[in-house]
Amino acid sequence: EEGCIYQYPFDITQFVEPILTFTVSNTCNNVVNGAIEITSQNSNDITFSIDSVAYSDNTIFENLELGDYTLYVKSSEHNCEYLFPFSIEELPAPEIVIFERSTCEGSNNGMIDIEVVSGSSLTFAIDSDGTFTEETHFEDLMSGDYMITVQDEQGCIFEFPASIANIPDPECHKNNLQGRIQ
């Protein structure tokens, strides 16, 4: 009817944005192994995507390249979408100084000492034998070329060459320790 006013009561509900915690694992040097892990503190009805197309309740995205990303979070309860930017950065290589002591001809008394200049929680192996140690002193080495493998706390692997020279007998007893920055 004309001139009539009708009143209908209704409630407007404001939805609470999800409270999320992110753990970002950066990528190793030239390796695609970045990751993000999501923990929701106030909602169980949300799904996640990093391409805004494929959503799932999976809270871990792995094998991410270096770069900037957007985490898309969708609530199935009220069909709202939230955007959370994050970045995967490349971890820097540790800087070490390698000290090499040559070996006497026909002996295996060469030595490699490693001094850490930058990097933390590093472990070391010689010639990638798979056995990592926090030890930075390696002795009883024969002459030859070696590969020092360094692993950081993220599991990133870095390799540095070293070489133990063979010194003829008459000159063998001189101090033959040499160092170089890697």
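Strands E2 and E4 pair in the antiparallel sense over three bridges, where strands are DSSP runs of at least two residues, numbered from the N terminus, and two strands pair if DSSP finds at least two bridges between them. Within this pairing, Glu 37 stands opposite Ile 60 in E4. E2 (residues 34-40) also pairs with E1 (residues 20-25), in the antiparallel sense over six bridges; here Thr 21 stands opposite Thr 39 in E2.

This is a predicted model, in which local features need pLDDT of at least 70 and side-chain atom pairs count only at pLDDT 80 or more, while totals for chains, interfaces and linings use all residues. Residues are numbered from 1 along each chain as its sequence is written, and side-chain values use heavy atoms, without hydrogens and water. The average pLDDT (the predictor's confidence in each residue, from 0 to 100) is 85 for the chain, and 91% of the residues score at least 70. Confidence is highest in E4 (residues 60-64), at a mean of 94, and lowest in strand E15 (residues 177-181), at 51.

Further along, three strands form an open sheet in the order E10-E12-E13, with antiparallel pairing. E10 (123-126) and E13 (157-164) are at the edges with a single partner strand each, so one side of each has no neighbour in the sheet. E10 pairs with E12 (residues 144-151) over four bridges, and Thr 123 stands opposite Gln 151 in E12.

By class, which residues line the largest pocket? The lining has five nonpolar (Ala, Val, Leu, Ile, Met, Phe, Trp, Tyr, Cys and Pro), two charged (Asp, Glu, Lys and Arg) and four polar residues (the others, Gly among them).
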